[in-house]
Amino acid sequence: MGAYLIYFLIISLIPIWASMRVKSTYNQFQRVANSTGATGYEVARRILDANGLYDVRIEEYSGFLSDHYDPRSKTVRLSSANYRGRSIAAAAVAAHEVGHALQDQQDYAFLRFRSSLVPVASFGSNASYFLLFLGFILQQTGMILLGIVLMAAAVLFQVVTLPVEFNASSRAMDQVVSLGLVRNEEERGARKVLNAAALTYVAAAAVALLELLRFVLMFVGMQGDD
């Protein structure tokens, strides 16, 4: 019982810690003005235009750190604080989302692979726990295996997300530096914002892998009991 309590504390605290780290780092550099004076919108538009992506739109979006790139409509959506903000944090986040547009333009393999996983990962994350719970209650190995397979698909999505996000951040830094969208002394702050944001994806992947491993070990233990 004690081991299970420790385990659940760990998988609960990892994402909380990552989220707190992101918010504190973002808030720190949201208060640091970008010396170029560019808003997040202007940073994003400049990078897009410099790479010939004139057809990609930029929209203001509600919510806190709700920024994302929609490959279906070719739209970069920036939360109001980043769309209008003239901070280092706004520049970093805007450039990161444009990094995804650059991946889309260049047919980045991991982005395509992740997109192909969306339907099965979405279904797997919703259905796997139900199947696993019911399978263990009824002692139905087939149902448990199906639940594990569906969970594995959702975990694979989380793992594939890591190179997609890290690559987008790398592209973002290359662009803001080469286009002079942040000054040399501000690069470190932009990088800190991007690294902190990446922690949320690392934390999500770690928790997903731990959960998958837990159910696999439970299944193996059940087989051993037989």
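Reply: Begin with the word contact: two residues are in contact when they have heavy atoms within 4.5 Å of each other. Keep in mind that this model is predicted.

Me: Which residues does Leu 181 touch, leaving out residues up to four places away in sequence?

Reply: Leu 181 touches Asn 34, Thr 36, Val 43, Arg 46, Ile 47, Gln 175 and Val 176. Leu 181 itself lies in the loop between H6 and H7.

Me: How far apart are the C-alpha atoms of Leu 181 and Ser 35?

Reply: They are separated by 8.9 Å, although the two residues are 146 residues apart along the chain.

Me: Is Leu 181 buried or exposed?

Reply: Buried means under 20% relative accessible area. Leu 181 has 5% relative accessibility, so it counts as buried.

Me: What about nonpolar side chains in general?

Reply: In soluble globular proteins, nonpolar side chains tend to be buried together.

Me: Which members of the largest nonpolar core here touch the most other members?

Reply: They are Val 43, Ile 47 and Val 176, in a core of 32 residues. At least two residues each come from helices H1, H2, H4, H6 and H7 and from strand E3. H4 gives the largest share, 10 residues. A second, separate core has 11 residues, including Phe 219 and Met 222.

Me: Where does UniProt place the feature "transmembrane region"?

Reply: The unreviewed entry lists residues 6-22, 117-138, 144-164 and 193-220. In the model, residues 6-22 are 100% helix, with end C-alpha atoms 24 Å apart. Residues 193-220 are also 100% helix, and their end C-alpha atoms are 41 Å apart.

Key. Residues numbered from 1 in each chain as written. Predicted model: local features only at pLDDT ≥ 70, side-chain atom pairs only at ≥ 80, totals over all residues. Heavy atoms only, no water. Core = buried A, V, L, I, M, F, W, Y, C linked by side-chain atoms within 4.5 Å. Buried < 20%, exposed > 50% of the residue type's maximum accessible area, 1.4 Å probe, protein only. Helix = DSSP H or I, 4+ residues; strand = E, 2+ residues; numbered from the N terminus. UniProt positions renumbered as here; feature names shortened; annotations may be inferred.
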